[in-house]
Amino acid sequence: RRLFGTGGNLKYLLTRAYPDVIFVLKRCSDVGKGFNMKRSYLITTEHLEKMLWFRSNEDYTVGMNYVAIQAALHPNVTVLGFVLMSNHVHFVLKGTYDDIVAFINQFKTRYAGYVWHKYGIKELLKRNKLDIKVMDPADDESLERVLAYVQMNPVAANICSQPTQYPWGTGNTFFNAEVPVEKRIGDYSRN
């Protein structure tokens, strides 16, 4: 089958276009046009074996702020959930494939710059590969399982006993029994 006007296979083309990404492809009728459609994706970075992404609460806070910055810079990407672990990150994003890859690669670049300036480590995330899995748009339970997996990551790592206890992700927004009083973001900066 010819995809993208070539005789090569899709995985080969994608690997050449995005060398830092590990692809898990499924057969589906719309694979050729799927990259222009908004879909939900699970993005996981490769676990660092010898170094840490986040070493202190300040590092985690910077990472959380960079997620917000990326969300503002990429209005076509919706952050459905995420968690920042010490040696890797998980994101569940909705958008086109190109938009979510740009989102996560810019997040990695921005955070790597912070690590370089703070710790003098130049190439912490340069070779840190991505695993990107597309969620089946017809299977809401699949998306729910992926979101639960991401939020439960700190629990599985024995960092906390409930996702609400882990401040470096969206677990508190999914599992918090308290309903916050609705405020506009601008209200927080007013005296």
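Which side chain meets K118 in a salt bridge at 3.0 Å, N to O? The partner is D59, where a salt bridge is a side-chain nitrogen of Lys or Arg within 4 Å of a carboxyl oxygen of Asp or Glu. Welcome to this structure, a predicted model in which local features need pLDDT of at least 70 and side-chain atom pairs count only at pLDDT 80 or more, while totals for chains, interfaces and linings use all residues. Residues are numbered from 1 along each chain as its sequence is written, and side-chain values use heavy atoms, with hydrogens and water left out.

**Salt bridges**

- K118 lies in helix α3 and D59 in helix α2, so their pair ties together parts that are 59 residues apart in sequence. Helices (H or I, at least four residues) and strands (E, at least two) are DSSP runs, numbered from the N terminus.
- D59 has 0% relative accessibility and therefore counts as buried. Here buried means under 20% relative accessible area, exposed over 50%, and partly exposed in between (1.4 Å probe, protein chains only).
- K118 also forms a salt bridge with E58, and the closest N and O atoms of that pair are 3.1 Å apart. This pair links distant parts of the chain, with E58 in helix α2 (residues 57-73) and K118 in helix α3 (residues 97-119), 60 residues apart.
- E58 is partly exposed at 48% relative accessibility, and K118 is partly exposed at 33%.
- Together, E58, D59 and K118 are linked in a network of salt bridges.
- A search of the whole structure finds three salt bridges. One of them joins K133 and D131, with the closest N and O atoms 3.5 Å apart.
- K133 is partly exposed at 35% relative accessibility, and D131 is partly exposed at 21%.

- Strand β2 covers residues 39-45, and seven of its seven residues are buried.
- R39, Y41, I43 and T45 point one way from β2, while S40, L42 and T44 point the other way.
- Six bridges pair β2 with strand β4 (residues 89-95) in the antiparallel sense; two strands pair if DSSP finds at least two bridges between them. Within this pairing, Y41 stands opposite L93 in β4.
- β2 also runs antiparallel to strand β5 (residues 130-134), joined by five bridges. There, T45 has L130 as its bridge partner.

- The 23 residues of α3 should span 33 Å at 1.5 Å a residue, and its end C-alpha atoms are 32 Å apart, which agrees. The expected span is 1.5 Å times one less than the number of residues in the helix.
- Buried residues of α3 include Y97, I100, F107 and Y111.
- G120 follows α3 and has a positive phi, near 75°.
- The largest nonpolar core has 38 residues, and those with the most contacts inside it are I43, L84, F91, I100, F107, Y111 and I132. A nonpolar core is a set of buried Ala, Val, Leu, Ile, Met, Phe, Trp, Tyr and Cys residues joined through side-chain atoms within 4.5 Å.
- The elements giving two or more residues to this core are β2, α2, β3 (78-84), β4, α3, β5 and α4 (140-151). The largest share, nine residues, comes from α3.

**Aromatic pairs**

- A search of the whole structure finds 12 aromatic pairs. Rings of Phe, Tyr and Trp (its six-membered ring) pair if their centres lie within 6.5 Å; planes under 30 degrees apart count as stacked, over 60 as edge-to-face and the rest as tilted.
- The rings of Y41 and Y97 have centres 5.9 Å apart and planes at 65°, so this pair is edge-to-face. Y41 lies in strand β2 and Y97 in helix α3, so the pair ties together parts that are 56 residues apart in sequence.
- Y41 is buried at 3% relative accessibility, and Y97 is buried with a relative accessible area of 3%.
- F91 and F107 are also edge-to-face, because their ring centres are 5.3 Å apart and their planes are at 70°. F91 lies in strand β4 and F107 in helix α3.
- Ring pairs link a cluster whose members include W53, F54, F91, F107 and W168.
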